[in-house]
Amino acid sequence: MTGWACSIQDLISIVSGLRKRGIGFQSLHEALDTTTPGGRLVFDVFAEFA
């Protein structure tokens with residue numbers, strides 16, 4: 001994984017912080033977009049498994 005997050009836990013923390021400030025996350029490499037209800041659901045499911 002490249003970019004700012006070194007682990008899935010880092011990514012979850014970063015995205016959670018963004019969400020608290022009303023900012024969505026869109027991955028350029030994976031089909032993940034937390035600005036949509038489906039994307040938030042998928043991200044939350046992945047976060048639970050992590």
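Which residue forms a salt bridge with R19, and how far apart are the closest N and O atoms?

## The model and its salt bridge

This is a predicted model, and its residues are numbered from 1 along each chain as the sequence is written. The partner of R19 is D44, and the closest N and O atoms of the two residues are 3.4 Å apart. The structure holds one salt bridge. R19 lies in helix α1 whereas D44 lies in helix α2, so the pair ties together parts that are 25 residues apart in sequence.

## How the two helices pack

Helix α1 covers residues 8–20, while helix α2 covers residues 37–49. The two pack at an angle of about 140°, and their axes are 11 Å apart. Angles over 145 degrees would count as roughly antiparallel and those from 65 to 115 as roughly perpendicular, and α1 and α2 are therefore oblique to each other. In passing α2, helix α1 makes a left-handed crossing.

## The surface of helix α2

A nonpolar surface patch of about 530 Å² is made by L41, V42, V45, F46 and F49. One of these residues, L41, is found in helix α2, and because its relative accessibility is 55%, L41 counts as exposed.

P37 also lies in helix α2, and with a relative accessibility of 61% this proline counts as exposed. Between P37 and A47, which are ten residues apart along the chain, the C-alpha atoms are separated by 15 Å.

## The loop between the helices

From G22 to T35 the distance is 9.5 Å, C-alpha to C-alpha, although the two residues are 13 residues apart in sequence.

I23 has its place in the loop between α1 and α2 as well, but I23 is partly exposed, at a relative accessible area of 39%. The C-alpha atoms of I23 and T34 are separated by 8.9 Å, and these two residues are eleven residues apart along the chain.

## The segment before helix α1

S7 is placed in the segment before α1, and with a relative accessible area of 24% S7 is partly exposed. Along the chain, S7 and A50 are 43 residues apart, yet their C-alpha atoms are separated by 9.9 Å.

Definitions and conventions
Predicted model: local features only at pLDDT ≥ 70, side-chain atom pairs only at ≥ 80, totals over all residues. Heavy atoms only, no water. Patch = residues over 30% accessible without salt bridge, like charges linked within 9 Å, V, L, I, M, F, W, Y side chains within 5 Å. Areas by Shrake-Rupley, 256 points an atom, 1.4 Å probe, with all protein chains shown as cover. Salt bridge = Lys/Arg side-chain N within 4 Å of Asp/Glu carboxyl O. Helix = DSSP H or I, 4+ residues; strand = E, 2+ residues; numbered from the N terminus. Buried < 20%, exposed > 50% of the residue type's maximum accessible area, 1.4 Å probe, protein only. Axes fitted to C-alpha atoms, helices over the stretch in contact; angles between N-to-C directions. Parallel < 35°, antiparallel > 145°, perpendicular 65-115°, else oblique. Left-handed = near helix turned anticlockwise from the far one by under 90°.
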